[in-house]
Amino acid sequence: MSENSNKISVINFVSPKATIGNNVKIWHFAYVGNDTIIGDNVMIGSLTHVDYGVKIGNGCRIEGSVYIPPLTKIGNNVFIGPGATFTNDPYPMSKKMVGVVVEDGAIIGGGSVIKPGVTIGRNSVVAMASVVTKDVPPDMVVMGHPARIKYDRSQYDKKKNDWESQN
């Protein structure tokens with residue numbers, strides 16, 4: 001047995017039918033399916049599954065272990081935290097599916113679960129581990145099981161700035 005036969009290769013699968021923009025980084029053991037379109041300056045974390053027919057805009061950061069099913073549309077400058085799960089089948093195993101829409105500038109916290117057909121509004125925030133069962137209005141912060149509006153994006157930004165300025 002040769003010395004090289006014991007080495008493990010890091011393998012990603014990116015479909016030759018996917019369209020990948022400039023400066024896209026796809027980390028270890030990720031999957032990108034057929035007819036998926038990924039914009040420029042996108043990072044996709046390890047163990048993330050981006051299924052077929054997904055659209056991802058420019059400047060997005062998708063952390064590790066995220067599941068993005070077919071029919072999902074993600075806008076520009078979206079952050080998706082680790083372990084977030086999007087769904088597209090309201091009645092498994094149905095022959096009819098519906099995607100999730102994530103509008104520009106949204107933040108989705110790690111471990112969140114997003115119901116099929118939901119729209120996450122522009123510049124909204126889904127707190128970590130939230131279960132989103134209905135549309136999230138633009139510029140709002142939701143959290144909980146099920147996710148409910150807690151405050152607006154300006155309050156979130158203030159809390160973030162206060163946190164970052166602490167020693």
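**Core, sheet and a buried serine**

Apart from neighbours within four places in sequence, I56 is in contact (heavy atoms within 4.5 Å) with I37, I38, G39, V42, V50, I62 and I74. The model is predicted, so local features need pLDDT of at least 70 and side-chain atom pairs pLDDT 80 or more, while totals for chains, interfaces and linings use all residues. Residues are numbered from 1 along each chain as its sequence is written, and side-chain values use heavy atoms, with hydrogens and water left out.

I56 is also one of the residues that touch the most other members of the largest nonpolar core, which holds 29 residues. Such a core is a set of buried Ala, Val, Leu, Ile, Met, Phe, Trp, Tyr and Cys residues joined through side-chain atoms within 4.5 Å; buried means under 20% relative accessible area (1.4 Å probe, protein chains only).

Eight strands (DSSP runs of E, at least two residues) form an open sheet of mixed pairing, in the order β3-β6-β9-β12-β15-β18-β20-β21. Two strands pair if DSSP finds at least two bridges between them. β3 (25–26) and β21 (147–152) each have a single partner strand, so one side of each is left without a neighbour in the sheet. Strands β12 (79–80) and β15 (107–108) run parallel and are joined by two bridges, with F79 opposite I107.

S112 lies in the loop between β15 and β16 (113–114) and is buried, with a relative accessible area of 0%. The S112 side chain reaches the backbone oxygen of A127 at 3.1 Å, and a polar atom of this side chain lies 3.4 Å from the backbone nitrogen of S130.

Technical notes:
Helix = DSSP H or I, 4+ residues; strand = E, 2+ residues; numbered from the N terminus. Buried < 20%, exposed > 50% of the residue type's maximum accessible area, 1.4 Å probe, protein only. Polar contact = N/O pair within 3.5 Å; in protein donor to acceptor, adjacent residues only side chain to side chain.
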